[in-house]
Amino acid sequence: MKNMQLLLLIFSLICIVPIITKAETITNNNGIVITETEYNNFLKIYDHEYIMNMSEEKYNKLKSLNYDDVTTETKYIETTYNQSLNLVTTREITKAEFENYNPVMPLLDDGGNSYSTQVKSLTLNITGGTIWNYTVFIATWKGIPSTRSFDVIGLRGYGFEFALGSQGGEQIYTLNGEREIINYAWNGTNIKRFDDGFGISMNIVNSDITSLTLAIDCDIKATITHPSISGSYQHAIRNLSLADSQNYTLGVTGLGDVFVYPYSISQKYDGMSGVLVNY
């Protein structure tokens, strides 16, 4: 009987006293404490390395978003460039092919033609917000490009308003084992803005880097029922100036459905297809 009363007492205490569990937290390299839930949400947009190095400003931005409303599209692209013939061929590959790809140096065939094959991933997503949605476009290299000039990365929207002052970009690379970032402001010399989108010219770091990622982001708001947004990343296969890299308008007929260049300039880019998100 006493044992039964003791069991009833223990059961009552369990029902009355709440069970407390401590959520895990992560502190990134800038001293920002991130909860486990926040970390898992942020992974829907950025990778682990980005989260571990993001600023407090970016953290405050990301934690305000609605992660039940995320739309993402990713492509994996292999590009082969024949320097002698100035011929570029591209093909879309699988995620497994991208992850297992082993970068190699440019090779010479028996005819003296120089070939280089490069692989990149392109990810475009839209995350819901209270008034403005947040869109991010990321190009990640598997290996490092041999030509380092003004690559261009940009967005073109259909049925979206772009918030002035929200546009920005980053060139992220690893040098001597250290992660480095070049920031591009919404009103800087490397950005070109339009009512329906923007582009940023990024002069690829010409040093012994071991990783390379280009990213742009901005706030957008739908103005029609079924809007869409296109992201394009064009790698320069020949050297060109900043002015030439910015000699474009935006249009569906452009490179990656975004950048409309004069023919003489478009031939200096790899002409890679873009990524489209319907929202």
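Two strands pair if DSSP finds at least two bridges between them. With that in hand, here is a set of close-up views of this predicted model.

View 1. Strand 7 is mostly covered, with eight of its ten residues buried.

View 2. Follow the strands across in the order 12-13-8-15-18, and you will find antiparallel pairing. Strand 12 (191-194) and strand 18 (275-278) stand at the edges; each has a single partner strand, so one side of each is left without a neighbour in the sheet. On average, neighbouring strands here are turned by 10° against each other, direction ignored.

View 3. Strand 12 runs antiparallel to strand 13 (residues 197-203), and four bridges join the two. A handy landmark is lysine 192, which stands opposite glycine 199 in strand 13.

View 4. Serine 232 sits in strand 15 (residues 228-234). Is this residue buried or exposed? Serine 232 has 0% relative accessibility and therefore counts as buried, the cut-off being under 20% relative accessible area. A polar atom of its side chain lies 3.0 Å from the backbone oxygen of leucine 255. Leaving aside residues up to four places away in sequence, serine 232 touches Phe137, Val152, Ile153, Gly154, Leu255, Gly256, Val258 and Phe259.

**View 5. Two loop residues with positive phi.** Asparagine 176 lies in the loop between strand 10 (168-175) and strand 11 (178-184). Its phi is near 55°, a positive value in a residue other than glycine. With a relative accessible area of 70%, asparagine 176 is exposed. Now turn to aspartate 257, in the loop between strand 16 (249-255) and strand 17 (259-260). Aspartate 257 is not a glycine either, yet has a positive phi of about 65°. Its relative accessible area is 36%, so aspartate 257 is partly exposed.

**View 6. The nonpolar cores.** The largest nonpolar core has 30 residues, and those with the most contacts inside it are Phe137, Leu155, Ile229 and Tyr233. Which strands each supply at least two residues of this core? They are strand 6 (114-128), strand 7, strand 8 (150-158), strand 9 (160-162), strand 13, strand 14, strand 15 and strand 18. Strand 14 gives the largest share, six residues. A second, separate core of 18 residues includes Tyr46, Leu62, Val136 and Ile172.

**View 7. The whole chain, for orientation.** Stepping back, the protein chain holds seven helices and 18 strands. Of its 279 residues, 46% count as buried. Among contacts with a separation of 6 or more in the protein chain, 68% are between residues 24 or more positions apart. The accessible surface of the protein chain comes to about 14700 Å², and 52% of that surface belongs to carbon and sulfur atoms.

Conventions
Residues numbered from 1 in each chain as written. Predicted model: local features only at pLDDT ≥ 70, side-chain atom pairs only at ≥ 80, totals over all residues. Heavy atoms only, no water. Axes fitted to C-alpha atoms, helices over the stretch in contact; angles between N-to-C directions. Buried < 20%, exposed > 50% of the residue type's maximum accessible area, 1.4 Å probe, protein only. Contact = heavy atoms within 4.5 Å. Areas by Shrake-Rupley, 256 points an atom, 1.4 Å probe, with all protein chains shown as cover. Polar contact = N/O pair within 3.5 Å; in protein donor to acceptor, adjacent residues only side chain to side chain. Core = buried A, V, L, I, M, F, W, Y, C linked by side-chain atoms within 4.5 Å.
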